[in-house]
Amino acid sequence: MGYIVNGTENLQTEVEIPFAAIECFKHDSVALTHRVKAYAVNMNEKCGSGTCSYAKIEKCTENDGMACLPKVFYTILPGYRPQPHKGMEYGDVAAEVKIGNKAYDLKGIIKKNSENRPRKSVNDDEKIRKPLLSTSGEGQEIIRQFVEQGMIDARCQIIAVVIPQYIDAGFKGTLRHLARLSGKKVTFIELDELSELISINKKILVS
């Protein structure tokens, strides 16, 4: 159990970092097509079947037909390379990023679309439309990792919440409040932002 103690006089006023303010995410504008969004909402934390191994990642980085949510950031985040995904760990992606002339340590919590389940038949339009709520399994896991690991990680300055889904406004407010209490910054990389990164990532072929 972790305790965060922070007097009100020390609270930050602005905690959210806009996606477009992070230098490595800046790019020429791209059209966000329904096809790319439909591809994004069906992506998982790891691709295909079986476990994620270093040998599999070696093939993945060379094969633009293999893709998972962490791979979206490969070639985009400075120095980042996909690693075996264990499912419950914090820091699915990590890198030093720049905002203006200042460098920050960023770690990302990645979750799949909450409607993307093997035994649940939901069409792509519904996956695109339905927002991520704090009460969903993915929402609860984001809060858990945010509180238990992200808030107490002294090395991390920006926590990125990454999911191919639009995040409910109230849920965002909760995460901003938690970031403010712990002196962290937070950035939200939702469906549109992920779709942009997929569109410019030459290592991912949208099928």
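Modeller: Gladly! This is a predicted model, where local features need pLDDT of at least 70 and side-chain atom pairs count only at pLDDT 80 or more, while totals for chains, interfaces and linings use all residues. Residues are numbered from 1 along each chain as its sequence is written, and side-chain values use heavy atoms, leaving out hydrogens and water.

Colleague: How many disulfides does a search of the whole structure find?

Modeller: A disulfide is a pair of cysteine sulfur atoms within 2.5 Å. Here the search finds zero. The closest cysteine sulfur to that of Cys68 is in Cys60, 5.3 Å away, which is too far for a bond.

Colleague: Is Cys68 buried or exposed?

Modeller: Buried means under 20% relative accessible area and exposed over 50%, with partly exposed in between (1.4 Å probe, protein chains only). Cys68 is buried at 7%, and Cys60 is buried at 4%.

Colleague: How many salt bridges are found?

Modeller: A salt bridge puts a side-chain nitrogen of Lys or Arg within 4 Å of a carboxyl oxygen of Asp or Glu. The whole structure has 14. One of them joins Glu141 to Arg144, with the closest N and O atoms 2.7 Å apart. Glu141 is buried at 14%, whereas Arg144 is partly exposed at 25%.

Colleague: Which residues are linked with Asp153 in a network of salt bridges?

Modeller: Lys107 and Arg155 are linked with Asp153 in that network. Between Arg155 and Asp153, the closest N and O atoms are 3.1 Å apart. Arg155 is exposed at 59%, but Asp153 is buried at 8%.
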